[in-house]
Amino acid sequence: MARRLDSALGQESDSQGRAAGLAPRLALLVVTVVFAGFAVNAFQYVVVQGATFARVVPAGACLALMMVLQLGFFSRPGADVRGPLGYSALFVQALLTFVPMFFFHEAWTGMPGFLAGDALLVLRLGTGWVAFFAIAAVAGVIQSNLTGPGLEVVYIANLTMVIGLVVYGLSRLRSLVRELEDARSELAGLAVARERLRFARDLHDLLGFSLSAVTLKTELTHRLVPLQPKRAKQELDEILEVSRQALADVRAVASSYRELSLDDELASARSVLSAAEVVVDVHAGQGDVPPRVRTVLATVLREGVTNLLRHSKAENCSITVSRDDGAVCIEIVNDGVRDDVESEGHGNGISNLTQRVRALGGTLTARADDDTYRLHASIPLSGQENSPTTSEPHTEHGAVMAPRLGSLIATAVFTGYAISSIILTFAWLPDTTSRAVAIACILASLGLMLGFFSRPSASVRSPLGYALLCAQAVLTYLPMALFEHPLLGMPGYLAGASLLVLPARFGVPVFLLVMASAGGAHWLFEGSSINIVFGFIVTSNHGLVVFGLSRLRSMVQDLHDARTELAHLAVTKERLRFARDLHDLLGYSLSAITLKSELTHRLVERDPERAQQELSGILDISRQALADVRAVASSYREMSLDEETVSARALLAAANINVTLRFEPCELSSDVRTTLATVLREGVTNLLRHSKAANCEITLARSEDRLTMEIVNDGLLAVPPPSTNGGGSGIHNLTARVTNIGGTLVAGTTPDNTYRLQAEIPLH
């Protein structure tokens with residue numbers, strides 16, 4: 001399971017990593033080509049106006065500096081654009097935008113779009129949009145002064161806004177992709193942290209009760225052994241039952257949310273309180289209760305009884321479960337008021353219960369009232385049947401904004417392109433019918449682009465996608481052919497859609513073919529060399545913007561959706577780690593309690609003094625197990641190899657197993673020391689659980705390049721070794737631990753009919 005999980009997590013991370021890596025590279029390529037296209041187009045108009053040294057060199061220098069500012073600062077992810085440097089760069093960009101207009105006139109009318117987009121990047125939200133529209137208006141006024149009022153003014157104002165949105169959109173989407181990529185680890189870490197808190201609550205609520213009960217009953221049994229041996233044996237039977245149930249709780253907590261039985265917990269509470277000589281009165285009339293409500297009520301009962309046993313000297317306790325006004329309530333009242341009830345703020349246990357009850361819409365109170373202490377919980381029953389067991393991770397603002405921003409900008413830019421074409425339609429077609437046909441084709445092209453090709457969820461590489469691409473081609477070339485004008489179609493839409501729909505080996509040639517056809521249309525219908533170049537550049541720019549905004553929008557959505565999956569995988573991996581720790585630490589302790597309880601059960605009548613010694617050992621182990629619960633819930637526990645060696649010797653001796661220990665002294669890192677201690681624990685635990693060994697030999701030897709630990713016994717295990725059946729979960733856990741530090745683990749029978757567990761760890 002560990003290998004499959006690690007593999008799945010690695011594959012998922014690799015695939016999302018490739019997507020995250022592709023998005024910034026794609027954005028950089030698109031931004032560079034598109035921005036360079038605008039600069040080249042402006043430069044060629046400067047050349048056409050007059051190819052003198054005094055004009056060409058300053059124009060080239062201004063355009064180059066604008067591109068350096070745009071690509072190297074404004075559009076660079078991580079740049080501090082909203083700082084003093086950003087304001088200074090924006091001022092320089094404004095000078096490079098408007099000053100050259102006095103010299104190059106109409107050749108420079110496409111440049112204000114860069115300033116408009118940069119204003120959105122640098123200035124605060126409201127100020128930025130005011131500046132954006134003001135720059136577009138200024139560009140329109142300048143065009144009006146150059147050519148007089150007319151459609152050219154509207155065209156330039158619209159073009160400035162479209163270019164500004166392209167600049168802003170591509171720049172922000174690049175940054176958001178990077179932000180989302182960086183946020184993945186943090187989000188997964190937060191999900192793991194939430195899962196750790198859930199585990200901590202479950203460990204406290206479930207195992208804290210069980211281990212407290214073991215401690216209480218062991219203390220009682222210790223007193224009863226010399227006085228009432230039969231009663232002591234009954235208590236030992238209950239200790240065995242509690243320890244076995246605790247083992248089941250370990251497995252349940254490690255795997256998933258555990259559903260508790262309220263009836264079983266009521267019976268258990270009655271038994272434990274009676275053993276503590278507390279007079280208990282139970283009234284239960286809750287009726288049929290949804291599983292989650294029942295589990296939380298059972299958890300409240302466990303915590304209430306645990307706190308009573310730990311912190312009070314109660315003589316009487318009343319437990320009432322009732323149903324009233326659409327809610328089910330539990331109340332635990334005892335006459336042992338705690339001295340620290342005010343100062344402790346109810347403790348972690350009550351805080352955990354409060355969170356659980358509030359998650360179901362209920363309330364919990366714990367207070368001292370006269371000479372009694374009262375714990376009361378009320379949970380409404382409405383809406384609990386289908387309520388989720390866990391809450392999904394909260395969605396951060398940036399992650400929500402990214403897909404929404406991509407959608408809005410893509411819609412605005414594509415609509416702006418359509419508006420520009422409609423303006424040209426009014427400028428070039430005199431009659432209403434021709435305009436209506438051309439505008440209908442433009443709007444239909446826009447509808448296909450917004451409604452299908454640019455949608456992240458659309459299956460563009462499908463028969464429907466190929467059919468709609470053909471329809472887009474018809475809508476592109478039909479008005480050109482009918483009215484013999486190259487500016488009446490939308491070849492940029494078709495070029496971008498071909499990159500989206502077709503595989504790269506076909507999409508790129510089709511993209512280039514559409515570019516060539518746009519230039520060819522200008523050559524065929526107008527014959528102007530500058531317009532032929534204009535056709536190439538505009539079609540290339542529009543196509544790349546269509547492709548870039550659509551793909552980046554899709555990638556941002558993919559990364560946004562992948563957050564939840566990555567967080568779930570991280571949580572699943574953390575669950576596996578918890579399962580290993582629970583099995584290795586608490587499984588050992590609870591097995592030792594069970595073993596010693598069985599031994600004490602046999603000794604009560606024939607050797608009371610030895611029985612009391614064993615009961616003292618059970619007390620020590622149960623207290624250590626409580627410490628292990630806290631350690632597992634908080635972090636990885638560093639184990640002491642020396643302590644585990646002493647414990648293994650004592651435990652094996654208690655089981656009448658002859659043990660031989662041979663350990664070579666050596667300096668070990670904490671990881672190696674903890675792993676070897678875990679191997680020793682698991683080996684001894686398996687020996688006690690599954691074999692009838694009489695002898696056991698444990699060795700730790702060091703060679704030049706490796707450490708070798710061997711645990712050999714003469715009682716063949718009842719479970720198959722990993723080589724034949726994969727072994728138990730304990731062997732799998734050990735294999736994962738040893739492999740993590742570069743070692744190997746082998747478990748199986750030997751030719752001389754012994755069972756050997758061997759771990760080899762390289763010395764680095």
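**Note on the predicted model**

1. Six helices each supply at least two residues of the lining of the largest pocket: helix H1 (2-49), helix H7 (151-224), helix H12 (397-428), helix H15 (491-501), helix H16 (504-525) and helix H17 (529-606). Helices (H or I, at least four residues) and strands (E, at least two) are DSSP runs, numbered from the N terminus. H17 gives the most to this lining, with 9 residues.

2. This is a predicted model, in which local features need pLDDT of at least 70 and side-chain atom pairs count only at pLDDT 80 or more, while totals for chains, interfaces and linings use all residues. Residues are numbered from 1 along each chain as its sequence is written, and side-chain values use heavy atoms, with hydrogens and water left out.

3. The largest pocket holds about 1,200 Å³ of space. Its lining comprises 46 residues, of which Tyr 45, Tyr 155, Leu 159, Leu 424 and Phe 534 lie nearest the centre. A pocket is an open set of points on a 1 Å grid over the protein atoms alone, where a 1.4 Å probe fits, with protein on both sides within 12 Å along at least five of seven lines; lining residues have an atom within 4 Å of a point. The volume is the space filled by probe spheres set on the points, which are joined across faces, edges and corners.

4. An open sheet of 5 strands has mixed pairing and the order S1-S2-S3-S5-S4. Strand S1 (279-284) and strand S4 (363-369) are the edge strands, each pairing on one side only. Two strands pair if DSSP finds at least two bridges between them. S1 and strand S2 (residues 316-324) run parallel and are joined by 6 bridges; Val 282 stands opposite Ile 319 in S2.

5. In helix H6 (residues 125-147), the end C-alpha atoms are 33 Å apart, which agrees with the 33 Å that its 23 residues should span at 1.5 Å a residue. The expected span is 1.5 Å times one less than the number of residues. Among the buried residues of H6 are Phe 132, Ile 135 and Gln 143. Buried means under 20% relative accessible area, exposed over 50%, and partly exposed in between (1.4 Å probe, protein chains only). Gly 148, with a positive phi near 90 degrees, follows H6.

6. His 105 has a positive phi of about 55 degrees and lies in the loop between helix H4 (101-104) and helix H5 (112-122). At 37% relative accessibility, His 105 counts as partly exposed. Asn 753 has a positive phi near 60 degrees and is exposed, with a relative accessible area of 56%.
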